[in-house]
Amino acid sequence: MTGPLPSSPAAERNKQPILAVLERLLPHPGRVLEVASGTGQHVAHFAAALPQVQWQPSDVDAARRAAITARLAACGAANVAPPLALDVLADRWPVAAEFDAVLAINLIHVAPPASVAALCAGASRALAPGGARRLLLYGPFREAGRHTAPSNEEFDARLRAENPAWGVRDLGEVTAIAAQAGFARERVFEMPANNRFAVFALAAPLA
């Protein structure tokens with residue numbers, strides 16, 4: 001693609017705090033599927049910092065995949081595969097069961113509610129037998145039905161005004177949905193700007 005690469009200020013701000021958590025969680029070597037990679041800022045940053053981890057970006061949008069490809073070419077990362085066309089809501093994802101972790105950053109609040117169950121089901125099938133087998137979710141969450149900060153409540157209102165199917169999800173509800181796919185919530189990290197990094201471990205893959 002020509003012209004400047006698309007860039008997200010939020011991704012630029014949060015990529016280092018997210019990396020600090022990933023450094024604690026990911027196996028080395030390991031394989032990670034990132035769902036909804038967007039501009040590719042995250043995966044390019046993570047790949048440079050964690051060269052023993054193999055990264056598979058993806059996005060449903062062709063323009064975003066083009067931006068990811070251009071960004072990866074510019075940074076020269078050798079441990080990142082070309083981005084896949086992956087629709088979270090699809091019955092089957094175009095990946096094999098070969099990953100140690102599935103990572104979704106700022107996805108479920110800008111997707112319909114059904115995306116939570118679809119993400120958990122798809123992640124269950126994409127994780128390799130053995131190992132930690134984790135689903136990693138970053139973003140804003142409500143807790144016990146309440147927002148964790150006024151800024152999150154305002155953000156939620158803006159999301160729902162833009163699209164009634166969007167909105168900040170409740171962590172308890174997400175945990176219950178994940179359990180139906182065989183995941184148990186392992187840990188939740190408090191992150192800057194009232195975000196959370198929720199870690200789910202797969203106890204048993206979907207049949």
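Colleague: Before we look at this predicted model, what does "buried" mean, and is Leu 127 buried or exposed?

Modeller: A residue is called buried when its relative accessible area is under 20%, and exposed when that area is over 50%. Leu 127 lies in the loop between helix 4 (114–126) and strand 6 (134–139). Its relative accessible area is 3%, so Leu 127 is buried.

Colleague: Which residues is Leu 127 in contact with, leaving aside its neighbours within four places in sequence?

Modeller: Contact here requires heavy atoms within 4.5 Å, and neighbours of Leu 127 within four places in sequence are set aside. With that condition, the contacts of Leu 127 are Ala 97, Glu 98, Phe 99, Asp 100, Ala 101, Val 102, Arg 133, Arg 134, Phe 183 and Leu 202.

Colleague: How far apart in space are Leu 127 and Arg 142?

Modeller: In sequence, Leu 127 and Arg 142 are 15 residues apart. In space, taken from C-alpha to C-alpha, the separation between Leu 127 and Arg 142 is 27 Å.

Colleague: Turning to helix 5, which of its residues are buried, and on which strands do they pack?

Modeller: An α-helix has 3.6 residues a turn, so residues three or four places apart point the same way. In helix 5 the buried residues are Asn 152, Asp 156 and Leu 159, and because they cover an arc of only 65° around the axis, they sit on the same side of helix 5. The face turned away from that buried side carries the exposed residues Pro 150, Arg 158, Ala 161 and Glu 162. The buried residues pack against strand 7 (141–143) and strand 8 (146–147).

Colleague: What distance does helix 5 reach from its first C-alpha to its last?

Modeller: Helix 5 covers residues 150–162, which makes 13 residues, and at 1.5 Å a residue the expected span is 18 Å.

Colleague: Which helix supplies the largest share of the lining of the largest pocket?

Modeller: The largest pocket has a volume of about 950 Å³, and of the 37 residues that line it, the closest to its centre are Ile 105, Asn 106, Leu 107, His 109 and Val 110. Helix 1 (9–25), helix 2 (41–49) and helix 5 each supply at least two residues of the lining. The largest share, five residues, comes from helix 1.

Colleague: How many charged residues are in the lining of the largest cavity?

Modeller: The largest cavity has a volume of about 30 Å³, and among the residues that line it are Leu 25, Asp 100 and Arg 134. By class, this lining has six nonpolar residues and no polar ones, while the number of charged residues is two.

Methods: Residues are numbered from 1 along each chain as its sequence is written. This is a predicted model: local features need pLDDT of at least 70, side-chain atom pairs count only at pLDDT 80 or more; totals for chains, interfaces and linings use all residues. Side-chain values use heavy atoms; hydrogens and water are left out. Helices (H or I, at least four residues) and strands (E, at least two) are DSSP runs, numbered from the N terminus. The expected span of a helix is 1.5 Å times one less than its number of residues. Buried means under 20% relative accessible area, exposed over 50%, partly exposed in between (1.4 Å probe, protein chains only). The arc is that of the directions from the helix axis to the C-beta atoms. On a 1 Å grid over the protein atoms alone, a cavity is a set of points where a 1.4 Å probe fits but cannot get out, and a pocket is an open set with protein on both sides within 12 Å along at least five of seven lines; lining residues have an atom within 4 Å of a point. Grid points are joined across faces, edges and corners, and a volume is the space filled by probe spheres set on the points. Ala, Val, Leu, Ile, Met, Phe, Trp, Tyr, Cys and Pro count as nonpolar, Asp, Glu, Lys and Arg as charged, and the others, Gly among them, as polar.
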